[in-house]
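Please look at the sequence and the three-dimensional model shown here before reading on.

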Amino acid sequence: MIGVQRIEGCLTGPAVGTPVTSGVFPRPTDTYAPMLDHNRHRIGTAFRAVAEAPPGGVLVHCTAGRDRTGVLVALLLAVAGVTAEDVAADYALTDACSPQPMRHTLAHLDQHHGGLRAYLLAAGVGAEALVAVRERLLA
């Protein structure tokens with residue numbers, strides 16, 4: 001595919017969404033906060049992969065396209081200026097999910113990490129990558 005970059009394994013592996021004391025990450029009923037808290041580096045890596053991709057499309061996916069993909073896409077949309085309510089509504093379009101888990105996840109970023117920008121900067125995402133994602137999504 002011309003202009004499409006494939007980045008594998010950014011959010012896969014035993015630590016993805018897994019609390020430190022557990023080997024299993026059950027589908028959350030009300031938040032993806034554990035995924036954010038325990039996979040900051042991996043989320044930063046995936047976010048930077050989108051920011052640094054060559055011009056053209058960027059495909060983001062996982063097995064069901066709801067959990068890992070949903071969180072990453074939510075962060076990308078939020079950086080592009082989409083409101084939290086609209087991000088949650090977009091998430092709810094996936095497999096008839098409730099918007100509530102994404103609302104709680106985004107609120108968790110504000111309450112426990114000082115907001116999305118602070119979270120991503122701490123994850124190793126530079127300010128230039130934030131600008132690049134915003135520009136890519138608004139182009």
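In this protein, residues 24 or more positions apart account for 67% of the contacts with a separation of 6 or more, where a contact means heavy atoms within 4.5 Å. This is a predicted model, in which local features need pLDDT of at least 70 and side-chain atom pairs count only at pLDDT 80 or more, while totals for chains, interfaces and linings use all residues. Residues are numbered from 1 along each chain as its sequence is written, and side-chain values use heavy atoms, with hydrogens and water left out.

The secondary structure comes to seven helices and zero strands, where helices (H or I, at least four residues) and strands (E, at least two) are DSSP runs numbered from the N terminus. Buried residues, meaning those under 20% relative accessible area with a 1.4 Å probe and protein chains only, make up 40% of the 139 residues.

The mean pLDDT, the predictor's confidence in each residue from 0 to 100, is 85 for the protein, and 80% of its residues reach 70 or more. Over residues 12–24, however, the pLDDT is below 50, although this stretch has 26 contacts in the model beyond near neighbours in sequence. Where pLDDT is low, the predicted coordinates should not be read in detail.

| Helix | Residues | Mean pLDDT |
|---|---|---|
| helix 1, lowest | residues 33–38 | 93 |
| helix 6, highest | residues 116–122 | 98 |

Helix 4 (residues 84–92) has the buried residues Val87, Ala88, Tyr91 and Ala92. They lie on the same side of helix 4 because they cover an arc of only 140 degrees around the axis, the arc being that of the directions from the helix axis to the C-beta atoms. These buried residues pack against helix 3 (68–79) and helix 5 (100–113).

The axes of helix 3 and helix 7 (residues 127–138) come within 8 Å and cross at roughly 90 degrees; axes are lines fitted to C-alpha atoms, for helices over the stretch in contact, and angles run from 0 to 180 degrees between N-to-C directions. Helix 3 is therefore roughly perpendicular to helix 7, a term used for angles of 65 to 115 degrees. Leu76, Leu77 and Val79 of helix 3 meet Leu130, Val133, Arg134 and Leu137 of helix 7 in this contact.

Ala51 is placed in helix 2 (residues 40–52) and counts as buried because its relative accessibility is 12%. Not counting residues up to four places away in sequence, Ala51 touches Ala129, Ala132 and Val133.

Notes
Buried < 20%, exposed > 50% of the residue type's maximum accessible area, 1.4 Å probe, protein only. Parallel < 35°, antiparallel > 145°, perpendicular 65-115°, else oblique.
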